[in-house]
Amino acid sequence: MRSRSPLRTAAAGALVAILATLVLAADQLAKMVAIDNLPPERVVPVIGEALQFYLVRNPGAAFSLGEGVTWIFTIALAVVAVIIVYLAATRVHSRLWAVVLGLLLGGVLGNLTDRLLRAPGFPVGHVVDFISTPWMMPAIYNVADIFIVSMMISVALLVLFGFHLDGTRETRGSRTAEAEAAGAVESPGESGSR
């Protein structure tokens, strides 16, 4: 069932590219401002303990895991980016999926840019993290991380609620109709064998 006409491939790709570019720019700008204005590894309260800035350069993944294998994260980010670009160029016709994948791609490219261009160098650069919300989680993160996590949750919800990349939606009624149709096709064979 379609609520609106699907996006053409070019329109979906353009939407993904525009959103990814905006998120990438916002992430890199925020990191540049943080580097220029925050003291390294010192808490700067913004809203008490609810929101703090704490500038660190993270060689690993979340919670600094995998610090010795930074290049693996570079490869993983590049693979995710390629998959999103492939889907946008070939399969995405849903506005909702285009928005989610565009924002996710922007987040991925934000951290991939750090891995490729920041010290200590290509492809093991350290990601700039500076946002801390101790009441919510002990991790220190950045703008790209916010988009990566929230859009991965969005992807899971789109899949869970049956939204397809092509703009169609699987509903409970359509699943029931498909099951009944499959049962009707099997019935004549079953009755003939008795």
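Modeller: Helices (H or I, at least four residues) and strands (E, at least two) are DSSP runs, numbered from the N terminus. The structure above is a predicted model, in which local features need pLDDT of at least 70 and side-chain atom pairs count only at pLDDT 80 or more, while totals for chains, interfaces and linings use all residues. Residues are numbered from 1 along each chain as its sequence is written, and side-chain values use heavy atoms, with hydrogens and water left out.

Colleague: In which helix do Asp27 and Lys31 lie?

Modeller: Both belong to helix 1 (residues 9-37), and they are four residues apart, about one turn of the helix.

Colleague: How many salt bridges are counted?

Modeller: Side chains of opposite charge can pair when their charged atoms come close. The rule asks for a side-chain nitrogen of Lys or Arg within 4 Å of a carboxyl oxygen of Asp or Glu. By this rule there are three salt bridges. In one of them, Asp27 pairs with Lys31, and the closest N and O atoms are 2.8 Å apart.

Colleague: Which side chain meets that of Lys31 in a salt bridge at 2.7 Å, N to O?

Modeller: That partner is Asp114. The pair links distant parts of the chain, since Lys31 is in helix 1 and Asp114 in helix 3, 83 residues apart. Asp114 also forms a salt bridge with Arg118, with 2.8 Å between the closest N and O atoms. Both Arg118 and Asp114 are buried. Through shared partners, salt bridges join Asp27, Lys31, Asp114 and Arg118 into one network.

Colleague: Where does Arg115 lie, and which side chain of opposite charge is nearest to this residue?

Modeller: Arg115 is in helix 3 (residues 95-117). Arg115 is buried yet has no salt bridge, and the nearest side chain of opposite charge, that of Asp129, is 7.3 Å away. The backbone oxygen of Asn58 is 3.4 Å from a polar atom of the Arg115 side chain.

Colleague: Is Thr133 buried or exposed?

Modeller: Thr133 counts as buried because its relative accessibility is 6%. This residue sits in the loop between strand 3 (127-132) and strand 4 (140-141).

Colleague: What does UniProt place at residues 68-89?

Modeller: The unreviewed UniProt entry places the feature "transmembrane region" there, and also at residues 96-113 and 139-165. Over residues 68-89 the chain is 91% helix and 0% strand, with 35 Å between the end C-alpha atoms.

Notes: UniProt positions are given in the numbering used here, feature names are shortened, and annotations may be inferred rather than shown by experiment. Buried means under 20% relative accessible area, exposed over 50%, partly exposed in between (1.4 Å probe, protein chains only). Lys and Arg count as positive and Asp and Glu as negative; His and the chain ends are not counted. A polar contact is a pair of N or O atoms within 3.5 Å; within protein, one must be able to donate a hydrogen and the other to accept it, and residues adjacent in sequence count only if both atoms are side-chain atoms.
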